[in-house]
Amino acid sequence: MRVAESAVAPRGSGGRDGILDSAIRLFDQRGYHGTSMRDIAAGAEITVASIYHHFRSKQEILQSIMVRALRAALALTRTAVVRANGSPADQLRAVMRAWVVFHTTHRMDAVVAATELRSLEPPGRDLVIALRDEQEALFRDVVARGVEEGVFATGYPLDATRGIISMGQSICIWWRADGPMTAEQLAVRYETLALAVVEAA
């Protein structure tokens, strides 16, 4: 899988996706509480009234952004594990690469998902936490199997899993396509780092 170095293609300026994309840009720049529905409407080039044809509130917009981002990440990482060679080491390389892919190609989505959970209210918060737990479980299963088979020597598989996930999540905060390291170089480096964290044989 080759890592794309630019953001995903625009999803369209109108309709539901256009509203979400406008909100993502603004939440990334100003934060959830610093963004109004009027701001989101202006960014999507529609009226505020038009937003309410698709979303009942700003809370629902935030929930939709997070759910969309987390489901995209889950789809990438699940596919990576399935397509990898059956060994835990190969699966960890593959899932880490997919994790890097997501956090470089969906950078703004990932930033909002990582930083605005505090702004999300139930039941949206509960749904997002369940998706995060599902993502963690995917990594955790790969690491646990590696430990069981003697491929990974870490005595702290749960902590190692969380460290690997956090390491990948932070990419969306600091990485830039015009920076000194390409997304491809970053993916290769993070595969190596993930294996080091679990003390791969």
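A: Let me begin with helices, because the word has a rule behind it: helices (H or I, at least four residues) and strands (E, at least two) are DSSP runs, numbered from the N terminus. This is a predicted model, in which local features need pLDDT of at least 70 and side-chain atom pairs count only at pLDDT 80 or more, while totals for chains, interfaces and linings use all residues. Residues are numbered from 1 along each chain as its sequence is written, and side-chain values use heavy atoms, with hydrogens and water left out.

Q: OK, so what is the mean pLDDT of the protein?

A: The mean pLDDT is 91, and 93% of the residues reach 70 or more, where pLDDT is the predictor's confidence in each residue, from 0 to 100. Over residues 1-12, however, the pLDDT is below 50, and beyond near neighbours in sequence this stretch has 30 contacts in the model, a contact being heavy atoms within 4.5 Å. Where pLDDT is low, the predicted coordinates should not be read in detail.

Q: Let's look at helix 5, then: how far apart are W99 and F102 in it?

A: W99 and F102 are 3 residues apart in helix 5, which covers residues 88-105, so about one helical turn separates them.

Q: And how many aromatic pairs are there?

A: The count is 3 aromatic pairs, using the rule that rings of Phe, Tyr and Trp (its six-membered ring) pair if their centres lie within 6.5 Å, with planes under 30 degrees apart counted as stacked, over 60 as edge-to-face and the rest as tilted. W99 and F102 form a stacked pair, because their ring centres are 6.5 Å apart and their planes are at 20°. W99 also pairs with F139, this time edge-to-face, at 5.4 Å centre to centre and with 70° between the planes. Since W99 lies in helix 5 and F139 in helix 7 (residues 124-148), this second pair ties together parts that are 40 residues apart in sequence.

Q: Switching to charges, how many salt bridges does a search of the whole structure find?

A: The search finds 13 salt bridges, each being a side-chain nitrogen of Lys or Arg within 4 Å of a carboxyl oxygen of Asp or Glu. One of them joins E134 and R78, at 2.0 Å from N to O. E134 lies in helix 7 and R78 in helix 4 (residues 58-83), so this pair ties together parts that are 56 residues apart in sequence. E134 is partly exposed, with a relative accessible area of 35%, and R78 counts as partly exposed at 38%.

Q: What about R97 and E184?

A: Their side chains meet in a salt bridge as well, at 3.4 Å from N to O. R97 lies in helix 5 and E184 in helix 10 (residues 183-197), so parts that are 87 residues apart in sequence are tied together. R97 is buried, with a relative accessible area of 11%. Elsewhere, salt bridges that share partners join D17, D21, R68 and D109 into one network.

Q: New topic: which residues does a cis peptide bond join?

A: A cis peptide bond joins P122 and P123, with omega about 0°, and P123 lies in the loop between helix 6 (107-115) and helix 7. Most residues other than glycine have a negative phi, and most peptide bonds are trans.

Q: Since you mention phi, what is the phi of E45, and where does this residue lie?

A: E45 has a positive phi of about 60° although it is not a glycine, and E45 lies in the loop between helix 2 (37-44) and helix 3 (48-51). E45 counts as exposed, at 70% relative accessibility. E199 also has a positive phi, of about 55°, without being a glycine, and E199 is found in the segment after helix 10.

Key:
Buried means under 20% relative accessible area, exposed over 50%, partly exposed in between (1.4 Å probe, protein chains only).
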